[in-house]
Amino acid sequence: MNVAMNQLSQTMYQELLDHIADGIFFVNTNREIIYWNKSAELITGYSREEIVGKQCSESGLDDIDDAGTKLCDLRCPLLEVANSGRKVVSKVWAKNKDGQRIHLAIRAIPLCNSDNRMIGAVTLFTDQSSLDKLAATENLISELTIRDTLTNVYNRRYISEVLLKQIALKKRGQISFGLIMVDIDRFKRINDTYGEQIGNEILYQIATLLNVSVRLPDLVARWGGEEFLILAYTNSMLGCKQLAERLRQTIELHKFPVEDIIITASFGCTFVKGDDTFEKLISRAEKALLRAKEIGRNRVALFE
């Protein structure tokens, strides 16, 4: 009866362990693998028959860390468990049966008998590779939602959200910044003369010029059509004006994909105030830009 109950218990435990999503394996004090569950098979590609009875170093998993250092003989999590008697949490790069590196999050836990003497360890591992890919995909999707699809600088929605936050910080006296509105001069004429494809290329190149020419953490966004908005983290209107003048010259001197034509842009600068709202700040930038257009284009104008 006891034998039958023990066999039943073992079967139940194995069924339970085989239905856990994490890979699980047991080792004895010699680091010989004595159990390997179904999820371990699925994650690594190695069957139970191929692994059980082998030492960790013979398994083919060939664990390395982020620097490429082999862990089996030097920094094996199971050795750390044996030496410390405590749970060890780490991440390793193992090699699956196909020879591909997989990123594993590992928890190694000591197994002790009734006398509290360690008789082995149990290791649970999760395929971090899929989580890494998921996180990368989520980051890419998130980035795409805040970028203008044509120019790849930030879009109007994102810069608006950032401005609202920065205005709130200004009200608390925590930050100062300037705002620069940019408009490509006579862009409609360029589009009508050379076509939309050339127009789009010019938009992309100007956006790129602005983006690589500002300082970190300044932000460049496409405001709409041929207009761009630059959030410039500077302490004065003078700093804002100097940045705008440098950007103006950069665009004027750039060789665009249209022969015998000089493309220029006008810049309107303003500086945040303690009582500003989003609407007030944008309105002053628009008025500054309009002033730059009125005094001859390819100019930098200010609106206090």
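Mentor: Strands of a sheet pair through backbone hydrogen bonds, either parallel or antiparallel. Here an open sheet is formed by 5 strands in the order β2-β1-β5-β4-β3, with antiparallel pairing. Strands (E, at least two residues) and helices (H or I, at least four residues) are DSSP runs numbered from the N terminus, and two strands pair if DSSP finds at least two bridges between them. The edge strands, each pairing on one side only, are β2 (33-36) and β3 (88-95).

The model is predicted: local features need pLDDT of at least 70, side-chain atom pairs count only at pLDDT 80 or more, and totals for chains, interfaces and linings use all residues. Residues are numbered from 1 along each chain as its sequence is written, and side-chain values use heavy atoms, leaving out hydrogens and water.

Trainee: How many bridges join β1 to β2?

Mentor: Strand β1 (residues 23-28) is joined to β2 by 3 bridges, and the two run antiparallel. Phe-26 has Tyr-35 of β2 as its bridge partner.

Trainee: How is a helix pair described?

Mentor: Two packed helices are described by the angle between their axes and the distance between the axes. The axes of α8 (residues 196-213) and α9 (residues 237-253) come within 10 Å and cross at roughly 140 degrees. Axes are lines fitted to C-alpha atoms, for helices over the stretch in contact, and angles run from 0 to 180 degrees between N-to-C directions.

Trainee: Which residues of α8 and α9 make the contact?

Mentor: Ile-206, Leu-209, Leu-210 and Ser-213 of α8 meet Arg-246, Leu-247, Thr-250 and Ile-251 of α9, contact meaning heavy atoms within 4.5 Å.
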